[in-house]
Amino acid sequence: MARIPKKRQQATEKLLELLGPRKVKLEGNEKYMASFDSMKLSFPYEALVVARSEKDVGATLKLANEFGVPVTTRGAGTSLTGSASPIKGGWVLDLSKMNSVKILKTKSMAVVQPGAIVSDIQAAADSEGLFYPPDPSSLKYCTIGGNIACNAGGMRCAKYGVTRDFVLALEGFLPTGEKVSWGGEYKKFATGYNVRDLWIGSEGTLGVVTKAVLRLLPKPEKKWTILVAFDSDIKALEAVQKLLFAGQNPAILEFLDTNSVYCAEEVAGVKLFKGLSLKPLLLVEFDGNGSQLREDKKKAIAWATELGLAYREAKTEKETETLWSARRACSPAMFSMGDSKINEDIVVPLESQAKFARFLKQMQKKWKLNAPTFGHAADGNFHVNIMYTRSDADECRRAKGAVLDLMKKVVALGGTISGEHGIGLAKTPFMNFARNEAEMGAMRAIKKALDPKRILNPGKIFTPYEVWDKKPEVVKLPWDKKPIAKKEA
Ligand SMILES: Cc1cc2nc3c(=O)[nH]c(=O)nc-3n(C[C@H](O)[C@H](O)[C@H](O)COP(=O)(O)OP(=O)(O)OC[C@H]3O[C@@H](n4cnc5c(N)ncnc54)[C@H](O)[C@@H]3O)c2cc1C
């Protein structure tokens, strides 16, 4: 570990004195586990602060600002980009213990602390007949603070939108330790700059959220699911356009390419259509009330009959689960194609999706690597999973080449390099493809104005970092699924 400046050592001693050893950990496994996120790039740092109250957060930031100590805020550490890794050392500010959830039924709002787990918020809303739609796949683990900081998405974004669309107000601290609140328990405001929206998606670089007011919706009465098989990836993606251009508004519209279906069928053993194998799929779910849902169902079946090879609809809960099985199984089965995965979350405009499917084929051929791709087709937000073997230097070189080609291509197609995971460390080398000098300059100016000493989550978003130079930790995290291996015939 690099030598820690004396001033920073003194700051840590003061912090310990101020908050005590229950909240400030200088060693141990809990501290080690907060030295990385789901990307597993671990960095040494001085102290883990387990905040229990707003007061703890304010006091930590005030001291950090005074002594110039880097602070990395942390929720559950499920980030896939290294955004919660303390790359510059200093203190990790863990907010997971501040996790209360209060539902304001008559206002259709939830007042939550940042460490509240997203599935707990959903369950609390559900128990009052209300609905919090954003549903990242990590929802049983990730916190609302992390979701706000990354503007998390998920499958239901197709109809409902992302986290940003449900945040009415934020309260928290500036990097200087000053308390601020942007909005309140009301639905709109036009009171100067909207810093609430600036904080959302800023990856913990502009402020620390300690409270949020979320918008809730009435719970949809019913849902209905259909799975459709297509002849080719391109045909499946063309069918997405047709469904959406016809005015259909599915809650979920997930695409699984041929390679992902291979993982589900040939590796995990999921079989969904008799006599049809290795066909790309669209999984479509509608929700709403009875008459609307009946209308959606009629139109969707007409669409599937016209464009697909075959379709299956779910008439029971059990059948719904069966239709979801390929989507759930494909990800862990991808590890039959390599022990390591680069999970990208790029976005392409709807009309470029077919071109993108062509590019993916070429990319895999050029670099001789598999990149099974699935994702949120209604948003053009695809998870391209580049599979490789970490111990094979040549495969690492090829994986790196494939990522570079991918990032250049999505920008050339009018898309962007991240739709929901954010930039963190992983995508810093590609920021200059997605943002020009003026745009980067404007973002830097905002950062400087709000965080003059640049203490909050330094090293993220702006400065290119070479992730390939650092070995990931070998550790199993609670959300790591057991890889599915291909059974020998
Ligand atoms: C298996 C798996 C599936 C996933 N699926 C999805 C998905 O479908 N959609 C999606 O969008 N993402 C997904 N993710 C990524 C990840 O879950 C999200 O980015 C999530 O929002 C991170 O939440 P967290 O609590 O784990 O935050 P952390 O990982 O702890 O932190 C993430 C960022 O938020 C900042 N931060 C955390 N709390 C605060 C706060 N209170 N104030 C200010 N900044 C804060 C951190 O500094 C960091 O920059 C997935 C991850 C995994 C491991």
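Which residue in β10 is the bridge partner of G172? Select V209: that is the partner of G172 in β10.

Before going further, a word on what's loaded. This is a predicted model, where local features need pLDDT of at least 70 and side-chain atom pairs count only at pLDDT 80 or more, while totals for chains, interfaces and linings use all residues. Residues are numbered from 1 along each chain as its sequence is written, and side-chain values use heavy atoms, with hydrogens and water left out.

**Stop one: β10**

Colour residues 208-215, strand β10. Helices (H or I, at least four residues) and strands (E, at least two) are DSSP runs numbered from the N terminus. Six of the eight residues here are buried, so β10 is largely enclosed by the rest of the structure; buried means under 20% relative accessible area, with a 1.4 Å probe and protein chains only.

Strands count as paired if DSSP finds at least two bridges between them.

**Stop two: R215 and its ring**

Stay on R215 and show F166: R215 lies over the face of that ring, 4.7 Å from the ring centre. The test is NZ of Lys or CZ of Arg within 6 Å of the centre and within 35 degrees of the ring normal.

Next, show Y132. Y132 and F166 make an edge-to-face aromatic pair, 5.9 Å centre to centre with 75° between the planes. Rings of Phe, Tyr and Trp (its six-membered ring) pair if their centres lie within 6.5 Å; planes under 30 degrees apart are stacked, over 60 edge-to-face, the rest tilted. Y132 sits in the loop between β7 (130-131) and α5 (144-150), and F166 in the loop between α6 (157-160) and β8 (167-173), so the pair ties together parts 34 residues apart in sequence. Both Y132 and F166 are buried.

**Stop three: the ligand**

Go back to V209, whose backbone N or O atom lies 3.0 Å from a ligand nitrogen. For N147, a polar side-chain atom is 2.9 Å from a ligand oxygen; for G75, a backbone N or O atom is 2.7 Å from one.

Zoom out to the shell: 34 residues surround the ligand, each with a heavy atom within 4 Å. The largest share, five residues, comes from α5.

Notes: Buried means under 20% relative accessible area, exposed over 50%, partly exposed in between (1.4 Å probe, protein chains only). A polar contact is a pair of N or O atoms within 3.5 Å; within protein, one must be able to donate a hydrogen and the other to accept it, and residues adjacent in sequence count only if both atoms are side-chain atoms.
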